[in-house]
Amino acid sequence: MSNIPKTQIAAVVPFHGAALEIRKDHPVKQPSELAPGECLVKLSCTGVCHTDLHASNDDWPLHASTPLVGGHEGIGEIVAIGENTGDCPVKIGDRVGIKWLAYSCLNCEQCRNGREQNCPKAKLSGFSVDGTFAQYTVSYVYHVTPIPKNLDSNAAASILCAGVTVYRALKHSHAKIGEWVVLPGAGGGLGHLAVQYAVAMGLRVVAIDTGLEKKKLCLELGAEKWIDFQEEKDIVQAVREACDGEGAHCAVVTTASASGYTQAVDYLRPGGTLMAVGLPGEAKLEASIFFTVFKSINILGSYVGNRQDAVEALEIASRGKVVVRYECKGLSELKNVYDALKQGNIAGRIILEMSK
(Lines give C-alpha, C1' and ligand atoms only; values in the text may rest on other atoms or scores of the structure.)
Protein backbone atom coordinates (compact mmCIF):
# COMPACT_ATOMS: atom_id res chain seq x y z
CA MET A 1 0.00 0.00 0.00
CA SER A 2 3.04 2.29 0.29
CA ASN A 3 3.11 2.81 -3.51
CA ILE A 4 -0.31 4.48 -3.62
CA PRO A 5 0.25 8.04 -4.88
CA LYS A 6 -1.05 11.15 -3.17
CA THR A 7 -2.42 12.62 -6.41
CA GLN A 8 -3.77 11.31 -9.71
CA ILE A 9 -5.15 12.25 -13.13
CA ALA A 10 -8.92 12.75 -13.06
CA ALA A 11 -11.66 14.35 -15.16
CA VAL A 12 -13.40 16.91 -12.94
CA VAL A 13 -16.44 19.15 -13.31
CA PRO A 14 -15.61 21.96 -10.82
CA PHE A 15 -19.17 23.33 -10.48
CA HIS A 16 -22.51 23.28 -12.29
CA GLY A 17 -22.16 24.86 -15.71
CA ALA A 18 -18.37 24.64 -15.74
CA ALA A 19 -16.38 22.95 -18.48
CA LEU A 20 -14.83 19.54 -17.88
CA GLU A 21 -11.22 19.72 -16.70
CA ILE A 22 -8.51 17.06 -16.90
CA ARG A 23 -6.54 17.53 -13.68
CA LYS A 24 -3.20 15.93 -12.89
CA ASP A 25 -3.22 16.74 -9.18
CA HIS A 26 -6.55 15.36 -7.97
CA PRO A 27 -6.11 13.86 -4.47
CA VAL A 28 -6.15 10.10 -3.83
CA LYS A 29 -7.80 9.00 -0.60
CA GLN A 30 -5.17 7.11 1.36
CA PRO A 31 -5.76 3.67 2.97
CA SER A 32 -5.59 5.13 6.49
CA GLU A 33 -8.43 7.51 5.55
CA LEU A 34 -10.85 4.78 4.43
CA ALA A 35 -13.94 4.23 6.58
CA PRO A 36 -15.13 0.71 7.47
CA GLY A 37 -16.84 -0.77 4.41
CA GLU A 38 -14.90 1.39 1.95
CA CYS A 39 -12.29 0.16 -0.50
CA LEU A 40 -9.77 1.91 -2.73
CA VAL A 41 -9.74 0.68 -6.32
CA LYS A 42 -6.95 1.27 -8.83
CA LEU A 43 -8.82 1.56 -12.12
CA SER A 44 -7.68 0.04 -15.40
CA CYS A 45 -10.58 1.28 -17.54
CA THR A 46 -14.04 2.82 -17.47
CA GLY A 47 -16.96 3.06 -19.83
CA VAL A 48 -18.66 6.32 -20.83
CA CYS A 49 -22.43 6.59 -20.54
CA HIS A 50 -25.04 9.17 -21.58
CA THR A 51 -25.74 9.58 -17.86
CA ASP A 52 -22.22 10.94 -17.41
CA LEU A 53 -22.98 13.57 -20.04
CA HIS A 54 -26.20 14.56 -18.25
CA ALA A 55 -24.34 14.83 -14.94
CA SER A 56 -21.63 16.96 -16.53
CA ASN A 57 -24.16 19.25 -18.25
CA ASP A 58 -26.44 19.43 -15.18
CA ASP A 59 -29.54 19.04 -17.37
CA TRP A 60 -31.50 16.58 -15.23
CA PRO A 61 -34.18 17.35 -12.63
CA LEU A 62 -31.71 15.84 -10.12
CA HIS A 63 -28.40 17.62 -9.67
CA ALA A 64 -24.98 16.04 -9.23
CA SER A 65 -22.65 16.96 -6.40
CA THR A 66 -19.73 19.20 -7.34
CA PRO A 67 -16.82 19.26 -7.75
CA LEU A 68 -17.50 15.97 -9.47
CA VAL A 69 -15.45 13.12 -10.88
CA GLY A 70 -17.94 11.40 -13.20
CA GLY A 71 -18.05 7.82 -14.45
CA HIS A 72 -19.77 4.67 -13.21
CA GLU A 73 -18.57 1.77 -15.37
CA GLY A 74 -15.14 1.19 -13.88
CA ILE A 75 -13.00 -1.93 -13.65
CA GLY A 76 -9.98 -2.16 -11.40
CA GLU A 77 -8.10 -3.87 -8.62
CA ILE A 78 -8.78 -3.40 -4.93
CA VAL A 79 -5.61 -1.98 -3.36
CA ALA A 80 -6.90 -1.13 0.12
CA ILE A 81 -9.86 -1.86 2.40
CA GLY A 82 -10.97 0.25 5.34
CA GLU A 83 -9.97 -1.03 8.77
CA ASN A 84 -12.64 -2.79 10.89
CA THR A 85 -14.68 -3.84 7.83
CA GLY A 86 -16.70 -6.84 9.00
CA ASP A 87 -17.59 -9.91 6.90
CA CYS A 88 -15.81 -8.41 3.90
CA PRO A 89 -16.86 -10.20 0.68
CA VAL A 90 -13.79 -9.06 -1.28
CA LYS A 91 -10.04 -8.89 -0.68
CA ILE A 92 -7.04 -6.86 -1.78
CA GLY A 93 -6.05 -7.90 -5.29
CA ASP A 94 -9.57 -8.75 -6.44
CA ARG A 95 -10.68 -7.41 -9.84
CA VAL A 96 -14.01 -5.69 -9.34
CA GLY A 97 -16.48 -3.47 -11.10
CA ILE A 98 -17.92 -0.17 -9.89
CA LYS A 99 -21.51 0.51 -10.95
CA TRP A 100 -23.89 3.49 -10.90
CA LEU A 101 -25.17 2.30 -7.54
CA ALA A 102 -22.13 2.69 -5.31
CA TYR A 103 -23.91 2.12 -2.00
CA SER A 104 -27.26 1.24 -0.48
CA CYS A 105 -28.14 0.46 3.12
CA LEU A 106 -29.28 -3.14 2.31
CA ASN A 107 -31.79 -2.99 5.18
CA CYS A 108 -34.65 -0.71 4.12
CA GLU A 109 -37.90 -1.81 2.44
CA GLN A 110 -36.56 -1.04 -1.04
CA CYS A 111 -33.31 -2.95 -0.50
CA ARG A 112 -35.08 -5.94 1.03
CA ASN A 113 -37.38 -6.10 -2.00
CA GLY A 114 -34.48 -6.17 -4.44
CA ARG A 115 -34.74 -2.50 -5.41
CA GLU A 116 -31.40 -1.46 -3.92
CA GLN A 117 -31.18 1.29 -6.54
CA ASN A 118 -34.23 2.94 -4.96
CA CYS A 119 -32.74 2.99 -1.46
CA PRO A 120 -33.30 6.43 0.13
CA LYS A 121 -29.68 6.35 1.31
CA ALA A 122 -28.27 5.34 -2.08
CA LYS A 123 -24.95 6.82 -3.20
CA LEU A 124 -24.39 7.08 -6.95
CA SER A 125 -20.98 6.74 -8.60
CA GLY A 126 -20.09 9.77 -10.66
CA PHE A 127 -23.14 11.68 -9.43
CA SER A 128 -23.39 11.96 -5.66
CA VAL A 129 -19.93 10.50 -4.97
CA ASP A 130 -16.77 10.55 -7.09
CA GLY A 131 -16.79 8.00 -9.89
CA THR A 132 -14.46 6.29 -12.31
CA PHE A 133 -13.04 9.00 -14.57
CA ALA A 134 -9.83 8.81 -12.55
CA GLN A 135 -6.92 6.49 -11.85
CA TYR A 136 -8.19 5.65 -8.36
CA THR A 137 -11.61 5.78 -6.74
CA VAL A 138 -13.24 4.86 -3.44
CA SER A 139 -16.19 2.48 -3.43
CA TYR A 140 -17.94 0.09 -1.05
CA VAL A 141 -17.04 -3.56 -0.45
CA TYR A 142 -20.63 -4.79 -0.32
CA HIS A 143 -21.49 -3.23 -3.68
CA VAL A 144 -18.45 -3.67 -5.92
CA THR A 145 -19.03 -6.57 -8.31
CA PRO A 146 -16.46 -9.37 -8.81
CA ILE A 147 -15.60 -9.76 -12.51
CA PRO A 148 -15.59 -13.27 -14.04
CA LYS A 149 -12.03 -14.38 -14.77
CA ASN A 150 -12.69 -15.10 -18.44
CA LEU A 151 -14.27 -11.71 -19.16
CA ASP A 152 -12.11 -8.93 -20.57
CA SER A 153 -12.04 -5.77 -18.42
CA ASN A 154 -12.89 -3.45 -21.31
CA ALA A 155 -15.93 -5.54 -22.20
CA ALA A 156 -17.00 -5.94 -18.57
CA ALA A 157 -17.00 -2.18 -18.04
CA SER A 158 -20.01 -1.58 -20.27
CA ILE A 159 -21.93 -4.50 -18.80
CA LEU A 160 -21.86 -2.79 -15.39
CA CYS A 161 -24.32 -0.09 -16.44
CA ALA A 162 -25.56 -0.43 -20.00
CA GLY A 163 -25.69 -4.22 -19.82
CA VAL A 164 -27.26 -4.45 -16.38
CA THR A 165 -29.83 -1.78 -17.26
CA VAL A 166 -31.17 -3.47 -20.39
CA TYR A 167 -30.87 -6.95 -18.92
CA ARG A 168 -33.04 -6.03 -15.94
CA ALA A 169 -35.58 -4.29 -18.18
CA LEU A 170 -35.93 -7.38 -20.37
CA LYS A 171 -36.01 -9.63 -17.30
CA HIS A 172 -39.01 -7.72 -15.89
CA SER A 173 -40.78 -7.12 -19.22
CA HIS A 174 -43.10 -10.18 -19.10
CA ALA A 175 -41.87 -11.10 -22.59
CA LYS A 176 -41.65 -14.84 -23.28
CA ILE A 177 -39.57 -16.96 -25.64
CA GLY A 178 -40.57 -16.38 -29.26
CA GLU A 179 -42.28 -13.04 -28.64
CA TRP A 180 -41.45 -9.77 -30.38
CA VAL A 181 -39.50 -7.04 -28.59
CA VAL A 182 -38.89 -3.63 -30.15
CA LEU A 183 -35.68 -1.78 -29.29
CA PRO A 184 -35.61 1.91 -30.28
CA GLY A 185 -32.01 3.15 -30.29
CA ALA A 186 -30.86 -0.41 -30.98
CA GLY A 187 -27.50 0.58 -32.45
CA GLY A 188 -26.42 2.67 -29.49
CA GLY A 189 -24.48 1.84 -26.36
CA LEU A 190 -27.44 0.36 -24.47
CA GLY A 191 -29.32 -0.78 -27.55
CA HIS A 192 -26.67 -3.06 -29.05
CA LEU A 193 -26.43 -4.89 -25.72
CA ALA A 194 -30.22 -5.10 -25.46
CA VAL A 195 -30.33 -6.81 -28.86
CA GLN A 196 -27.98 -9.52 -27.62
CA TYR A 197 -29.60 -10.07 -24.23
CA ALA A 198 -32.99 -10.28 -25.94
CA VAL A 199 -31.71 -12.86 -28.44
CA ALA A 200 -30.10 -14.83 -25.59
CA MET A 201 -33.52 -14.90 -23.89
CA GLY A 202 -35.16 -16.31 -27.01
CA LEU A 203 -36.93 -13.10 -28.00
CA ARG A 204 -37.38 -11.85 -31.58
CA VAL A 205 -35.93 -8.38 -32.06
CA VAL A 206 -37.13 -5.45 -34.12
CA ALA A 207 -34.31 -2.88 -34.12
CA ILE A 208 -35.11 0.82 -34.63
CA ASP A 209 -32.30 3.28 -35.33
CA THR A 210 -30.77 5.05 -38.31
CA GLY A 211 -27.71 4.70 -40.53
CA LEU A 212 -26.05 1.86 -42.42
CA GLU A 213 -23.41 1.26 -39.74
CA LYS A 214 -26.01 0.74 -37.02
CA LYS A 215 -28.17 -1.38 -39.34
CA LYS A 216 -25.22 -3.67 -40.04
CA LEU A 217 -24.40 -3.92 -36.34
CA CYS A 218 -27.95 -4.76 -35.23
CA LEU A 219 -28.49 -7.44 -37.88
CA GLU A 220 -25.11 -9.01 -37.11
CA LEU A 221 -26.08 -9.20 -33.43
CA GLY A 222 -29.27 -11.11 -34.15
CA ALA A 223 -32.07 -8.60 -34.82
CA GLU A 224 -34.62 -10.09 -37.21
CA LYS A 225 -36.09 -6.83 -38.46
CA TRP A 226 -34.66 -3.34 -38.99
CA ILE A 227 -36.54 -0.03 -39.19
CA ASP A 228 -34.72 3.21 -40.04
CA PHE A 229 -36.63 5.97 -38.26
CA GLN A 230 -35.35 8.63 -40.67
CA GLU A 231 -36.49 6.72 -43.75
CA GLU A 232 -39.74 5.24 -42.46
CA LYS A 233 -42.68 7.66 -42.57
CA ASP A 234 -44.94 5.67 -40.23
CA ILE A 235 -42.98 3.97 -37.45
CA VAL A 236 -46.07 2.61 -35.74
CA GLN A 237 -47.37 0.88 -38.86
CA ALA A 238 -43.90 -0.40 -39.75
CA VAL A 239 -43.53 -2.06 -36.34
CA ARG A 240 -46.98 -3.62 -36.52
CA GLU A 241 -46.20 -5.09 -39.93
CA ALA A 242 -42.84 -6.38 -38.75
CA CYS A 243 -44.52 -8.19 -35.84
CA ASP A 244 -46.93 -10.39 -37.80
CA GLY A 245 -49.31 -7.48 -38.35
CA GLU A 246 -50.36 -7.41 -34.70
CA GLY A 247 -47.73 -5.27 -33.01
CA ALA A 248 -44.97 -6.05 -30.55
CA HIS A 249 -45.30 -7.85 -27.24
CA CYS A 250 -42.78 -5.56 -25.59
CA ALA A 251 -40.76 -2.39 -26.18
CA VAL A 252 -37.63 -1.51 -24.22
CA VAL A 253 -37.09 2.20 -24.85
CA THR A 254 -33.55 3.35 -24.13
CA THR A 255 -33.64 6.57 -26.15
CA ALA A 256 -33.78 10.03 -24.60
CA SER A 257 -36.54 11.10 -27.00
CA ALA A 258 -40.14 11.45 -25.79
CA SER A 259 -41.46 10.30 -29.18
CA GLY A 260 -39.94 6.86 -28.66
CA TYR A 261 -42.22 6.33 -25.66
CA THR A 262 -45.38 7.68 -27.25
CA GLN A 263 -44.96 5.55 -30.37
CA ALA A 264 -44.37 2.42 -28.27
CA VAL A 265 -47.80 2.58 -26.66
CA ASP A 266 -49.33 2.77 -30.15
CA TYR A 267 -47.42 -0.13 -31.74
CA LEU A 268 -47.71 -2.59 -28.85
CA ARG A 269 -50.27 -5.36 -29.27
CA PRO A 270 -52.96 -5.84 -26.58
CA GLY A 271 -51.37 -6.94 -23.31
CA GLY A 272 -48.00 -5.54 -24.39
CA THR A 273 -45.47 -3.94 -22.07
CA LEU A 274 -43.56 -0.67 -22.40
CA MET A 275 -40.32 -0.71 -20.41
CA ALA A 276 -39.22 2.90 -19.88
CA VAL A 277 -35.43 2.93 -19.49
CA GLY A 278 -34.01 6.10 -21.04
CA LEU A 279 -33.96 9.22 -18.89
CA PRO A 280 -34.85 12.36 -20.88
CA GLY A 281 -34.57 15.20 -18.39
CA GLU A 282 -37.72 17.21 -19.07
CA ALA A 283 -39.79 15.09 -21.48
CA LYS A 284 -43.27 13.86 -20.58
CA LEU A 285 -44.78 10.46 -21.33
CA GLU A 286 -47.93 11.12 -23.32
CA ALA A 287 -50.25 8.26 -24.20
CA SER A 288 -53.93 7.74 -24.81
CA ILE A 289 -55.43 6.68 -21.49
CA PHE A 290 -58.37 5.16 -23.38
CA PHE A 291 -56.25 2.88 -25.56
CA THR A 292 -53.76 2.12 -22.78
CA VAL A 293 -56.69 0.72 -20.79
CA PHE A 294 -58.57 -0.73 -23.78
CA LYS A 295 -55.45 -2.61 -24.98
CA SER A 296 -54.41 -3.65 -21.44
CA ILE A 297 -51.01 -2.01 -21.92
CA ASN A 298 -48.43 -2.22 -19.11
CA ILE A 299 -46.09 0.75 -18.59
CA LEU A 300 -43.15 0.03 -16.28
CA GLY A 301 -40.12 2.07 -15.32
CA SER A 302 -36.86 0.12 -15.02
CA TYR A 303 -33.94 1.86 -13.33
CA VAL A 304 -30.47 0.25 -13.64
CA GLY A 305 -30.27 -2.97 -11.56
CA ASN A 306 -29.36 -4.49 -8.22
CA ARG A 307 -26.32 -6.54 -7.22
CA GLN A 308 -27.85 -9.83 -8.39
CA ASP A 309 -28.80 -8.34 -11.76
CA ALA A 310 -25.16 -7.31 -12.21
CA VAL A 311 -23.88 -10.81 -11.40
CA GLU A 312 -26.35 -12.37 -13.85
CA ALA A 313 -25.61 -9.88 -16.65
CA LEU A 314 -21.85 -10.44 -16.32
CA GLU A 315 -22.27 -14.23 -16.22
CA ILE A 316 -24.24 -14.21 -19.49
CA ALA A 317 -21.53 -12.08 -21.10
CA SER A 318 -18.78 -14.35 -19.75
CA ARG A 319 -20.38 -17.25 -21.64
CA GLY A 320 -20.07 -15.35 -24.91
CA LYS A 321 -23.79 -14.67 -25.30
CA VAL A 322 -23.24 -10.90 -25.21
CA VAL A 323 -20.27 -9.23 -26.89
CA VAL A 324 -19.62 -5.54 -26.27
CA ARG A 325 -18.66 -3.54 -29.35
CA TYR A 326 -16.34 -0.83 -28.10
CA GLU A 327 -13.62 1.59 -29.06
CA CYS A 328 -10.75 2.42 -26.70
CA LYS A 329 -9.58 5.95 -25.98
CA GLY A 330 -7.65 7.75 -23.26
CA LEU A 331 -9.10 9.69 -20.32
CA SER A 332 -7.86 12.95 -21.86
CA GLU A 333 -10.23 12.39 -24.81
CA LEU A 334 -13.39 12.48 -22.67
CA LYS A 335 -14.46 15.92 -23.94
CA ASN A 336 -14.41 14.65 -27.54
CA VAL A 337 -16.38 11.56 -26.52
CA TYR A 338 -19.05 13.78 -24.95
CA ASP A 339 -19.28 15.75 -28.22
CA ALA A 340 -19.77 12.53 -30.19
CA LEU A 341 -22.46 11.37 -27.75
CA LYS A 342 -24.32 14.66 -28.19
CA GLN A 343 -24.29 14.20 -31.96
CA GLY A 344 -25.36 10.54 -31.78
CA ASN A 345 -22.29 9.45 -33.73
CA ILE A 346 -21.22 6.51 -31.57
CA ALA A 347 -22.13 2.93 -32.45
CA GLY A 348 -21.47 0.61 -29.53
CA ARG A 349 -19.52 1.83 -26.48
CA ILE A 350 -16.49 3.96 -25.69
CA ILE A 351 -13.95 2.69 -23.16
CA LEU A 352 -11.36 4.97 -21.56
CA GLU A 353 -8.15 3.13 -20.64
CA MET A 354 -6.14 4.59 -17.79
CA SER A 355 -2.87 3.42 -19.40
CA LYS A 356 -3.57 5.89 -22.21
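The buried residues of helix 9 have cover from, among others, strand 10 (145-146), helix 3 (153-171) and helix 4 (191-200). Contact here means heavy atoms within 4.5 Å, and buried means under 20% relative accessible area, with over 50% called exposed and anything in between partly exposed (1.4 Å probe, protein chains only). Helices (H or I, at least four residues) and strands (E, at least two) are DSSP runs, numbered from the N terminus.

Keep in mind that this is a predicted model, where local features need pLDDT of at least 70 and side-chain atom pairs count only at pLDDT 80 or more, while totals for chains, interfaces and linings use all residues. Residues are numbered from 1 along each chain as its sequence is written, and side-chain values use heavy atoms, with hydrogens and water left out.

Back to helix 9, which covers residues 307-318. Its 12 residues reach 17 Å from first C-alpha to last, close to the 16 Å expected; that expectation is 1.5 Å times one less than the number of residues. The buried ones are Asp309, Ala310, Ala313, Leu314, Ile316, Ala317 and Ser318. At the start of the helix, a side-chain oxygen of Asn306 comes to within 3.1 Å of the backbone nitrogen of Gln308. Just past the other end, Gly320 takes a positive phi of about 85°.

On a 1 Å grid over the protein atoms alone, a cavity is a set of points where a 1.4 Å probe fits but cannot get out; a pocket is an open set with protein on both sides within 12 Å along at least five of seven lines, and lining residues have an atom within 4 Å of a point.

The second largest pocket has a volume of about 250 Å³. Of the 16 residues lining this pocket, Lys29, Asp130, Tyr136, Thr137 and Val138 lie nearest its centre. Strand 2 (21-27), strand 3 (38-47) and strand 9 (136-140) are the elements giving two or more residues to the lining, and strand 9 has the largest share, with four.

The largest, at about 60 Å³, has Trp100, Leu160 and Val304 among its lining residues.

Definitions and conventions: Polar contact = N/O pair within 3.5 Å; in protein donor to acceptor, adjacent residues only side chain to side chain. Points joined across faces, edges and corners; volume = space filled by probe spheres on them.
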